[in-house]
Amino acid sequence: MKSPNEPGGSIVRVGGLGLYSCGFNRRINCYLRQDAIASTVMASPHNPNSADSSLKQSLEAGLAALKQKDYQSAIALLESVSQTAANQPPGIRAQMGLVAAYKATGNLKSAIALCTSLSKNSNSQIKTWADRTLKELTPPRPPKPPETPPKTGFIAFDAGTKSVKNTLEGDRPTADKKTGFLPLEATAAPKTTNSTHISPPPPPPKPPIRPTSEEGDRPPSTAPTETATHAETSGENSSDSATNIEPPSAETYQLTWREAGRTKNPQPLKPLKLLNFWIGAAVSVIALFFLARFVLQLLLTNANFLLLQFYIFTRLPIFAPIQLFYRDPTPFVQIVFGLLLASSPWLTDALLKLFCGIETLRGSVLSKHSKEASRVLRSFCTKQNMPTPVLKLLPLNVPVAFSYGCLPRFARIAVSKGLLEQLTNDEIAAIFARELSHISHWDFAPMSLALLVIQIPYLIYWQAAYWSERLCDLMTIEFLRFAVRNLAAAISAISYGIYKFLRWPMLWLSRRRVYFSDRTAAEITGNPNGLTRALGKMAIGIAANIEQQKQTSFFLEGFDLLLPVGVGQAATIGSAALRAPLSQILLWDLTNPDRVWLTVNSTHPLLGERLKLLELYAQFWKIETELDLASLSLESPKKRKLSLFKSILEFKDSKLFLQGAPFFGIPMSLGLVVLLWLIGWIFSQTSIWRLDWLLGDRSIFWGCLPIGFSIGTLMRINYFFPDITPRETASPSLPEILSNPDVLPVDAQPVQLSGQLLGRTGIENWLGQDLILQTATGLVRLHYVSRFGPCGSLWPQPIRPSDLIGKPVVATGWLRRGANVAIDLETLRSQGSLVSNSGHPIWSAILAFAAACWGAYIIIQGGR
């Protein structure tokens, strides 16, 4: 390590930690004198020991990243700490580290703004350090350049005129200590022909990628460079107005696209291995078949059971059980699956025509919005020797696109009017390339089949609720209205549960195919940046549609499997993207070590991971990236070779084990089964007959499975539902929630958020299927369970959550941060003192005890 007096390096003392920062000039050596300040800070009334572990971990990770010269990660982590604990010692340490990081990246404007803020600190030593550093960051103004530009490749400009690079790149924002997230200065969005959407801010300028060495390992150069010139210009322009800089709030934040370019001759990526993908697709369809058969047989059996009970009670022939329902439904399910697959293009056309008014998209209309999309369609289909898909237009303002069909010759690509109007020429072409990849990979066929299968229960749920509400409005007899409404509610609720249940076998295929389509689209167009912007704008457009419609439309929920962006992710991330940088709100998607396990119930991969992969493709082709997300991925710790016993112990102490304790309890219960069988074997060998029955008893095996689930649920319940007290209840903003990279759903934080309740009304939402809280900083989904359980939602209640739709409410509950953000409700209160109580902890405990009793009953029954 270089000494502070050697050129090109210095040691930055931040809170007692020595951090080496390459590229500092000798005048930054004043940072060395921080031991006295560190001791003063540690002695301040706000002791750092009171900060939570996540804050400390973020601070230490940020300082470690700064030491390793990973400035982008350091800035992201330290800004988060600075915002959360602005005037506390961790926040001050983070701000000092940020000054070093901003200086190293050439962002003098933000460094000066931070030093100006620290110079107003009441602590005299911190103030002295800030004033001294501020002088080092604001050198005297250089003489005015001559009118004739020197022969150095740069254009001379006045100090008050921004350089071209400064205009395009922008400056990194300063953290807003009041809101707790990174705001941006208001800037005009770049002018485009088809899109007025706003997008993530450009990061500070960075040197070009060097494939042979890291950025921080580059030796210092004395020759003038464009980056250095830009940094000096930024420092000059900021020195005069540094004292007047105030970070803008979320209301003034404006998201702008960098409009990064594309490669003209993309180098081919590594060929995809599709064999395992096709095998997985086949397994998914087979699993869907058997699951649908099981559900149908269960419904038929229970229908006959109810008919039999009515027949016994009334002796009316009309209630006699139907003998056809006792037959094996396998041949019927096979025929239905075959017919749905063969007729999927025309059935889906009819479905969309009936409910959405779909129409044919003429080639002239597509060429008007995107000539490149038309060119991509022709060239790709010619190259792949397949017919051009039929184009369909959805008259919807939400930007969506999807493909469906059974064979490539019958394939369709449907796009919405909102997509053509809100995306630019190259972005539309990138989306069309995605859908072409689905057709060329043949994954569109099983997904089209699955869509039609799950549409059967979903349409029953939707239409039963819709028509029963209108029928009840025509009835005058209260008893008939009550009977019709509750019967329709039961049918609707059961159908919705079946819809959710039948989606599970296709979730793996739905996630996996997205990775392949993103990659193929980037390779076809050579424009991963265009696809990045398209996905971001689609997420923003879906969130805007939910806010405008005041609910999640049936189309978005019913066709979620086929859409390029998951509706659940888009609602949260799309609304937060208008209020904070994407690099902040996608931090969890990029850095949480357990995020892969938390996406098993999601229809789409994490958006942050997808955008990071697109950025890596851009770096591979050596073009400028639209975002800077790849640098935010923290380096994984070195894997240690542990014994199996130690690995199990470490996993047992992890939060992931606690998160999945109910499910991990099931295989752990098998250890108890082996122990009981071993005891039975020992007693059988010693001629003690009273316990030899334990050996090989299958009832013990089947009974211990629910008992293991019960034990795991009880282990987790106190962590999952901590007591809600006014002192510990927080009211974080949505960007603050999204920017915490370490939390899991088990880290339940009691929160209280206020806003307007969005969602469907009436029977369509009796189970709380669509409850969304529209806060000042974005959309947050709410999970509701009646205190009388799911069945209790169908009985008359004084107040339901759906009765508060459209009203301002205060939601109190437990925050869950996983692949999606949601709040498990405890209470939902409106201004009119109407309260709807939820019962998540109660029913978790009831479920655990019910599973234990069931397992005990199986064991007691034994071989009877």
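The following questions and answers go through a predicted model of one protein chain.

Reader: How many helices and strands does the chain have, and what share of its residues is buried?

Author: In this predicted model, the chain has 31 helices and 12 strands. Of the 864 residues in the chain, those that count as buried make up 52%.

Reader: Which strands stand at the edges of the open sheet of 4 strands, and why is one side of each left without a neighbour?

Author: The 4 strands of this open sheet follow the order 3-4-6-5, with mixed pairing. A strand at the edge has a single partner strand, so one side of it is left without a neighbour in the sheet, and this holds for strand 3 (359-360) and strand 5 (401-404).

Reader: Which residue of strand 4 is the bridge partner of Thr 360?

Author: Strand 3 is joined to strand 4 (residues 390-394) by 2 bridges, and these two strands run antiparallel. In strand 4, the bridge partner of Thr 360 is Lys 392.

Reader: What angle does the direction of helix 15 make with that of strand 5?

Author: Helix 15 (residues 425-441) packs on the sheet, where it touches strand 4, strand 5 and strand 6 (412-416). Between the direction of helix 15 and that of strand 5, the angle is about 20°.

Reader: Is Val 746 buried or exposed?

Author: Val 746 has its place in the loop between helix 29 (734-738) and strand 7 (749-759). Leaving aside neighbours within four places in sequence, Val 746 is in contact with Lys 655, Leu 658, Gln 659, Arg 716, Tyr 719 and Phe 720. Because its relative accessibility is 4%, and the cut-off is under 20%, Val 746 counts as buried.

Reader: How far apart in sequence are the parts that Arg 258 and Asp 628 tie together?

Author: Arg 258 forms a salt bridge with Asp 628, and the closest N and O atoms are 3.3 Å apart. Arg 258 lies in the loop between helix 8 (226-239) and helix 9 (275-314), while Asp 628 lies in the loop between helix 24 (607-620) and helix 25 (644-652), so the pair ties together parts whose separation in sequence is 370 residues.

Reader: Which residue forms a salt bridge with Arg 610, and in which helix does that residue lie?

Author: Arg 610, which lies in helix 24, forms a salt bridge with Asp 518, the closest N and O atoms being 2.8 Å apart. Arg 610 and Asp 518 are both buried. The partner is therefore Asp 518, and it lies in helix 18.

Reader: Why is strand 9 largely enclosed by the rest of the structure?

Author: Strand 9 forms a hairpin with strand 8, with 2 residues between them, and these strands pair in the antiparallel sense over 4 bridges. Strand 9 also pairs with strand 11 (residues 821-830), in the parallel sense over 3 bridges. Strand 9 (residues 778-783) is largely enclosed because, of its 6 residues, the number buried is 5.

Reader: Which residue of strand 11 stands opposite Arg 781?

Author: In the antiparallel pairing of strand 8 and strand 9, Gln 774 stands opposite Leu 779. In the parallel pairing of strand 9 and strand 11, the residue opposite Arg 781 is Ala 822.

Definitions and conventions
Residues are numbered from 1 along each chain as its sequence is written. This is a predicted model: local features need pLDDT of at least 70, side-chain atom pairs count only at pLDDT 80 or more; totals for chains, interfaces and linings use all residues. Side-chain values use heavy atoms; hydrogens and water are left out. Two strands pair if DSSP finds at least two bridges between them. Contact means heavy atoms within 4.5 Å. Axes are lines fitted to C-alpha atoms, for helices over the stretch in contact, and angles run from 0 to 180 degrees between N-to-C directions. Buried means under 20% relative accessible area, exposed over 50%, partly exposed in between (1.4 Å probe, protein chains only). A salt bridge is a side-chain nitrogen of Lys or Arg within 4 Å of a carboxyl oxygen of Asp or Glu.
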